[in-house]
Amino acid sequence: MAQSVTPPWLVGDMAILASMDNVEHFLRVAVLGRTSTKDLQDPTISLPRQFNACEKSLPPGSQIVGFYYDIESGRADWDKRGTGNAHEEFDIPIPRTGGIKDLLRDARNPNRGFDVVMCESIDRIARVTYFSTRIEHELEELGVALLAADEPVIATKRKLKNATTVLTRRVKQGISEWYVLDLLEKSWGGCEVHTQAGFNIGKPLYGYRAKRTPHPVAEKRAAGIAKTTLEVEPTRAAVVRRIFELRIARSAGYEAIAEILNKDLALNPPPEPSNPARTRGDWSGGTIREILRNPKYTGYMVWNRHATKRGGNRINPMSEWVWSPEPTHEAIVSPEEFSAAQQASGNNARRRNKSAEQRKPADYRLRSIIRCGLCDLRMYGTPRKERIYYSCHPKRGSRPERHPAATYLREDLAERVIEKFLDTFLLGVQRTGRLRALADQLQTTDATELERERDTLAAALLESETRKAKLVRVFEMAEEFDDDLIRSVVERQRQLARERRQLQVRIETIDESLRSKPDIQIIEAFPCNKIDTDRLPADKLRRLLQAFRIELVYQPERRELICNATVTPTLAQIVRKFLKEEEIMQEDEKPAQAAGAVRVSDVARVGFEPTLYGF
């Protein structure tokens, strides 16, 4: 029986103090393994193979005393390492002592049960050089050596590793990280081409079904692997169209739309998730939100909308999305309808507690529609002297400069301004002439300001290029290069590159704005109608404002109420239908001549902000 004695490898100094052929002084080894995500490898094969390789490479007088392993990506962030439970889904024929976090915790224990840690290869620790060297360094600080089965074990009386083994390990770590990044770059390029060709990645979205296309590679085609495009599934496509109509015409919220669809699940079948365990059998607000935000319904193939690897499935910036250059499948909604749905805001009126509801004398007809121009908060309704007012009263600590303690706007005066705005610019007989004159005035003013801003940005871009050239010259003239100099130069280059990209994007945006002109002809497709807001019930008034996506901003300093409406050709049909259904249109109304056919790509959104004084 081996007695409890100090092992022959005193790892704190990496020195061997006794002969390794003394079997009574055995070396206790903890084996550390890792296999990639369960979708890419078979842990029941990979992990036993890793442990067999470690066992064969053990020096004489060694014994494995623990098995630590995880099923996770080698590129996972440090705080996420060893926190998964994927190993519980497999029948792995190796008793698990713990994961990487458990190994490091046990290594900090002075009475730990192992002397060294061994892995099959250094890339099994991590695919990121920083993480693997961090783990190696932490173990060595604790007096525990990290060995690899595919590296020679130096068994001398001086050191456990020498300069050659360190160099070999660092080269392998760099190659491992390069291999992963190179593979990711090539995979990314392949997915871009795949998307641009119109092929779908993943499960078809609701409203479509997969249309299989034979794989161009003979071996994959023989194995039954195929590429898929999208084709419309009529029943569910009709549900998608209804969702967009409810959002655009009524500005219905996600939960409100889900409630409407849940009233008839036979007519509106809910989506079926990829994981049957997550099936709920009805519609939810989250599902409605995902449908309304998915641009694939416009007929374009889009990829990389979600940051699935490291971003917690968050939505990536639109600039990072990969689009097909042309529509690749039948569209369920037009690009304009999709854009209108993104701009429509659900009925998110302020919630009030029960006592507040009991105190209000009447319904606040413009609740959640008016914003304060000083702090951008929604103004809330309040009764004062038998009248309804809308007030903004921010807390003292969050009150912007020049913002009074409280501002008030009378509801009847606000409705008078809205009525005048509708008649002057949207539904009145003389609206086209007024809009054209206003557009010319605004465009002249905006163009001058935009050109001035563009000149400033162009000068800043030139200055950034000059700084980059100076930085390169400084680097070329340096006589010595150390790590700090290289890091500082590289970081400064990256900072300048980011600044140049931001300047170029803004300049391109300004150039596009200068080239585009609002299409006043769009307004001619809207019906001519006189609206009396006083006679409209609160619900119809709110729906009318939401149909035009009218936003109201009150400027208390100047006592101005600014009205802002967004107009598109598709909206004309929706408004006409709404006015007829709600019996708002007069019987003798003579609609104006409809606008001619206009391509979606040629339509510029019309947005005007005329200031109307009424107080």
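This is a predicted model: local features need pLDDT of at least 70, side-chain atom pairs count only at pLDDT 80 or more; totals for chains, interfaces and linings use all residues.
I noted a volume of about 1,500 Å³ for the second largest pocket. Looking up which elements contribute, I found that β7 (208-214), α8 (285-293) and β9 (302-303) each supply at least two residues of the lining, and that α8 gives the largest share, 4 residues. Sorted by class, the lining of this pocket holds 13 nonpolar, 14 polar and 11 charged residues.

Next I turned to the surface, where L167, V171, I175, W178, Y179 and L183 form a nonpolar patch with about 640 Å² of accessible area together. I placed Y179 in helix α4, which covers residues 163-196, and I recorded Y179 as partly exposed because its relative accessibility is 45%.

S251 has a phi near 50° and lies in the loop between α6 (234-250) and α7 (254-262); with a relative accessible area of 2%, S251 is buried. R559 has a positive phi of about 55° although it is not a glycine, and I located R559 in the loop between β17 (551-555) and β18 (560-567). Buried or exposed, or in between, is R559? At 43% relative accessibility, R559 counts as partly exposed.

I list R209 as partly exposed at 41% relative accessible area, and E231 as partly exposed at 29%.

In a second pair, the side chains of E557 and R402 meet at 2.5 Å, N to O. Here too distant parts of the chain are linked, since I find E557 in the loop between β17 and β18 and R402 in the loop between β15 (387-392) and β16 (407-410), 155 residues apart. E557 is partly exposed at 47% relative accessibility, whereas R402, with a relative accessible area of 57%, is exposed.

I also noted the salt bridge between D412 and R410, at 2.7 Å from N to O. D412 counts as partly exposed at 28% relative accessibility, and R410 is partly exposed at 24%.

Methods. Residues are numbered from 1 along each chain as its sequence is written. Side-chain values use heavy atoms; hydrogens and water are left out. On a 1 Å grid over the protein atoms alone, a cavity is a set of points where a 1.4 Å probe fits but cannot get out, and a pocket is an open set with protein on both sides within 12 Å along at least five of seven lines; lining residues have an atom within 4 Å of a point. Grid points are joined across faces, edges and corners, and a volume is the space filled by probe spheres set on the points. Ala, Val, Leu, Ile, Met, Phe, Trp, Tyr, Cys and Pro count as nonpolar, Asp, Glu, Lys and Arg as charged, and the others, Gly among them, as polar. Patches are made of residues with over 30% relative accessible area and no salt bridge: like charges are joined within 9 Å, nonpolar side chains (Val, Leu, Ile, Met, Phe, Trp, Tyr) within 5 Å. Accessible areas come from the Shrake-Rupley method with a 1.4 Å probe; for residues, only the protein chains shown count as cover. A salt bridge is a side-chain nitrogen of Lys or Arg within 4 Å of a carboxyl oxygen of Asp or Glu. Buried means under 20% relative accessible area, exposed over 50%, partly exposed in between (1.4 Å probe, protein chains only).
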